[in-house]
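Come along as I look things up entry by entry.

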Amino acid sequence: MANDHDLIAKDEQQKSAAQTKRVQRKRKTARRRGEALQERLVQSGDLRPGGAARLAAVSFGLAIHALTLVILVGAVAALLSGLWPLDILALLGFGIVWVVRPRFGKRPGADWIKRAKAPKLFAILDRVGEATGAAVPKYVTFDAGFNAGTARRGIRHEPVLTLGVPLWQILDGDERLALLGHELGHQVNGDTTQGVLVASAYRSLQEWRVLFYPSTHGRPVPRGEAGLAQLLLPVILLPFYLLMTGLQRFYGWLQIHVSLRAEFLADDIAAQTASTKAALALLRKLDARMSVEAYVTRARSAHTTIRKAASLEDAMEMWIGLQDYIPTIPEHEYIRAARVSEFRGTQIDSSHPADYLRARLLKGRPPRTAAVTVSEDEWLSVDLELAPHVAGVGRAMLMRR
């Protein structure tokens, strides 16, 4: 019997061999933690992240924003003091607060799809939202990624949904329902790291690290006191930089103990929405990423040789061809992709478990039946409704150089 690693592409093994021991040790640790978490959750009746970890995430967010608030209050106090030297500190403080201020993401623009533009799609989202207890997205958009995602944007923190056309086009009706259940499940899976408080705090933390980065590399060092000050600046900044780096490491711990568990719960919500069989089929389709990307690359190259501008009809032909291509992918390619996922293990800096762990958890829990069903005619109506948006993304992909 052939070794399972024979199914892994040689370049994958070469990449792994080239990694440093430190990176490999992190990968093994993360893989061990991911597998241990998956085994615990198989036996658990509740997949929701633990209260202590969620509280730690909230505390993290509050601490980062409290630091910004302290700088702001100090700057205001310095400005009101009436002492001109403190005015300089006040301006510096206001500048820091502006750089590290909480960011909530831009509000969706006119190109995003609202309910009035796609009533049939939103009708299905309503049913999925009712089954999962999640808020229905206010806006939907399509992009060129082989992925999907949900988030909250703007000051009003409105839920939005992003669907990658290459992934959406290769899914059947039940797999689409599983995908929608998974994404809407992120709104109710208890992942506090993706909430407005913690997510905005992490973005602020990244700006803090940039501000405190202790380096003068590439800068000419002047003579005299100015040069001495420039040499001493990294020494002064180093403790603050190390503090921010420690907080970033803590955020990585939160991802392991909150985000990974919440991701498993989102998979369970997908099974609850469309059935365990559909959720597993969705994970299998995710293993077709490399084949889909190769197909799109070939289609783009073939169109480039024609030397004409891509039309919407060309884009739809590409998507139809992709749907016909998926059933021809040999079984050994799916096996290879699954083995690669197991070989890589869970990345320590990722909020997503490895696909093989996600599939293992779904198989280890009691099978679910679909809470939502959508007929083929309904999906056909949705496809017709979304055709201009799907074709627009495909046209942009064909024209990309």
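**Entry 1: a pair within one helix**

I looked up Arg 289 and found that Arg 289 forms a salt bridge with Glu 293, with the closest N and O atoms 3.7 Å apart. I count a salt bridge when a side-chain nitrogen of Lys or Arg is within 4 Å of a carboxyl oxygen of Asp or Glu. Arg 289 and Glu 293 are four residues apart in helix α11 (residues 289–306), so about one helical turn separates them. My helices (H or I, at least four residues) and strands (E, at least two) are DSSP runs, numbered from the N terminus. An α-helix has 3.6 residues a turn, so residues three or four places apart point the same way.

I then checked the cover of both partners. Arg 289 counts as partly exposed at 36% relative accessibility, and Glu 293 counts as partly exposed at 40%. Here buried means under 20% relative accessible area, exposed over 50%, and partly exposed in between (1.4 Å probe, protein chains only). I also noted a network in which salt bridges that share partners join Asp 267, Asp 355 and Arg 358.

**Entry 2: what I am working with**

This is a predicted model, in which local features need pLDDT of at least 70 and side-chain atom pairs count only at pLDDT 80 or more, while totals for chains, interfaces and linings use all residues. Residues are numbered from 1 along each chain as its sequence is written, and side-chain values use heavy atoms, with hydrogens and water left out.

I find 15 helices and three strands in the protein chain. Buried residues make up 43% of its 401 residues.

**Entry 3: salt bridges across the sequence**

How many salt bridges does the count come to? By my rule, the count comes to 11 salt bridges. One of them joins Arg 176 and Asp 383, with the closest N and O atoms 2.9 Å apart. Arg 176 lies in helix α7 (residues 173–185) and Asp 383 in helix α15, so the pair ties together parts that are 207 residues apart in sequence. Arg 176 is buried at 4% relative accessible area, whereas Asp 383 is partly exposed at 31%.

Next I followed Asp 268, whose side chain meets that of Arg 368 in a salt bridge (2.9 Å, N to O). Asp 268 lies in helix α9 (residues 224–274) and Arg 368 in the loop between α14 (355–364) and α15, so this pair ties together parts that are 100 residues apart in sequence. Asp 268 is buried, with a relative accessible area of 8%, and Arg 368 is partly exposed, with 29%.

**Entry 4: Ala 391**

Is Ala 391 buried or exposed? Ala 391 is buried, with a relative accessible area of 4%, and lies in helix α15 (residues 376–399). I set aside neighbours within four places in sequence and found Ala 391 in contact (heavy atoms within 4.5 Å) with Leu 312, Ala 315 and Met 316. Ala 391 and Val 165 are 226 residues apart in sequence and 9.2 Å apart in space, C-alpha to C-alpha.

**Entry 5: strands**

I turned to strand β1 (residues 139–143), where four of the five residues are buried, so β1 is largely enclosed by the rest of the structure. β1 and strand β3 (residues 158–164) pair in the parallel sense over five bridges; two strands pair if DSSP finds at least two bridges between them. Asp 143 has Gly 164 as its bridge partner in β3.
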